[in-house]
Amino acid sequence: MTEQQHEIVWRLSTAGFAARCIQLVADLGVADRIGDSAVPITDLAASCEVNADALNRVLRLLAAHGVFENRDGGYGHTPPSRLLRADHPRSMRAFSQMMGLPVIWGSLTELEHSVRNGRPGLETLEPKGIWAYLQAHPGEADIFGRAMTAKAAAEVAAVLDAYDFSGLGTIADIGGGRGHLLRAVLDTAPQSHGILFDLPDVIDSLDTGHERMATVAGDFFVDRLPVADVYVLMEVLHDWADEESVALLHAIRRVACDGSRLLIIEGVIPGEQADPRASTLDIIMLTVTGGRERTADALSALCEQASFCLDKVVATASPMHIIEARPV
């Protein structure tokens, strides 16, 4: 029993090494260089222009976790490693790259700053915050955008399975990024129209649209939001502290009519049982954005401060929940 407890602490204390390995492998594009057959480590290293022995040791660690398989004198794919290919329909390569960006990884190293001050560690690297940093670093912003789009692929499907969007009139996706959720919703709701609202640089980066989707560029803390029947916030509130979250909800309430609906789509921390995934994301929010994951009760309290009343919480097959609220 003592040895097992020791191993729990050992694994947690060293977990960052495996994380850094998968981030680096994603950056190097190793998974894209492996097809259906195993590839010799010397060939992989040559194509990546890295040291063969060092890469072998990195891949050996990942293989111990089920990511890649050491076989036939080289490395082949496992189902998790295929997710690191850029061409996989649910690729997580960009997500792994994003988590290894200097500003994200560096924010984690500044966790003590967050714990001492309750402020994001990232502000020691960029005082203006993550969004200003990404605006100033378009290459990293592109990785961030692709990571968020890829991460949402499975979650969007689960949301559509759990909630009926048909017949909802005009749907405004506030802070909706590249519109992956809104386009999917409109495909399932042929009578609805959509409005995608996000920062100008995000709207300008769109390469595809939808015939029933309009785009509006602006800052939801400054500019007036569009009028709609339904307002959607998918993984937006968790980016912000309570004060900013209430301000955003107030901005929606100012333009929402009495019959409007508010849908908050994000993870919900269970009230009693421990959830390692939700708690991990909560620390990411603490260190990177200054936001937080919340319980259903906490989300309800935010809604009440902005004159919304929480009606129901709908679970999905993904970590996402759909919190439905209405104006009061």
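This is a predicted model: local features need pLDDT of at least 70, side-chain atom pairs count only at pLDDT 80 or more; totals for chains, interfaces and linings use all residues.

Reader: Which element gives the most residues to the largest nonpolar core?

Author: The largest nonpolar core holds 29 residues, of which Ile174, Tyr231, Leu233 and Leu262 touch the most other members. The elements that each supply two or more residues include strands S4 (170–174), S7 (230–234) and S8 (261–267), together with helices H12 (242–255) and H14 (296–305). With six residues, the element that gives the most to this core is H12.

Reader: How many residues are in the second, separate core?

Author: Tyrosine 231 belongs to the largest core and, leaving aside neighbours within four places in sequence, is in contact with residues including Ala172, Ile174, Ile252, Leu262 and Leu263. Val230 and Val232, by contrast, belong to the second core, along with Met320 and Ile322 among others. The size of that separate core is 23 residues.

Reader: Are helices H9 and H10 roughly parallel or roughly antiparallel?

Author: The axes of H9 (residues 138–162) and H10 (residues 180–188) come within 9 Å and cross at roughly 30°. Because angles under 35 degrees count as roughly parallel, the arrangement of H9 relative to H10 is roughly parallel.

Reader: How many charged residues does the contact of H9 with H10 have?

Author: H9 passes H10 in a right-handed crossing, where Met148, Thr149, Ala152, Val156 and Leu160 of H9 meet His180, Leu181, Ala184, Val185 and Thr188 of H10. By class, this contact has seven nonpolar and three polar residues, and the number of charged residues is none.

Definitions and conventions
Residues are numbered from 1 along each chain as its sequence is written. Side-chain values use heavy atoms; hydrogens and water are left out. A nonpolar core is a set of buried Ala, Val, Leu, Ile, Met, Phe, Trp, Tyr and Cys residues joined through side-chain atoms within 4.5 Å. Buried means under 20% relative accessible area, exposed over 50%, partly exposed in between (1.4 Å probe, protein chains only). Helices (H or I, at least four residues) and strands (E, at least two) are DSSP runs, numbered from the N terminus. Contact means heavy atoms within 4.5 Å. Axes are lines fitted to C-alpha atoms, for helices over the stretch in contact, and angles run from 0 to 180 degrees between N-to-C directions. Angles under 35 degrees count as roughly parallel, over 145 as roughly antiparallel, 65 to 115 as roughly perpendicular and the rest as oblique. A crossing is left-handed if the near helix is turned anticlockwise from the far one by less than a right angle, and right-handed if clockwise. Ala, Val, Leu, Ile, Met, Phe, Trp, Tyr, Cys and Pro count as nonpolar, Asp, Glu, Lys and Arg as charged, and the others, Gly among them, as polar.
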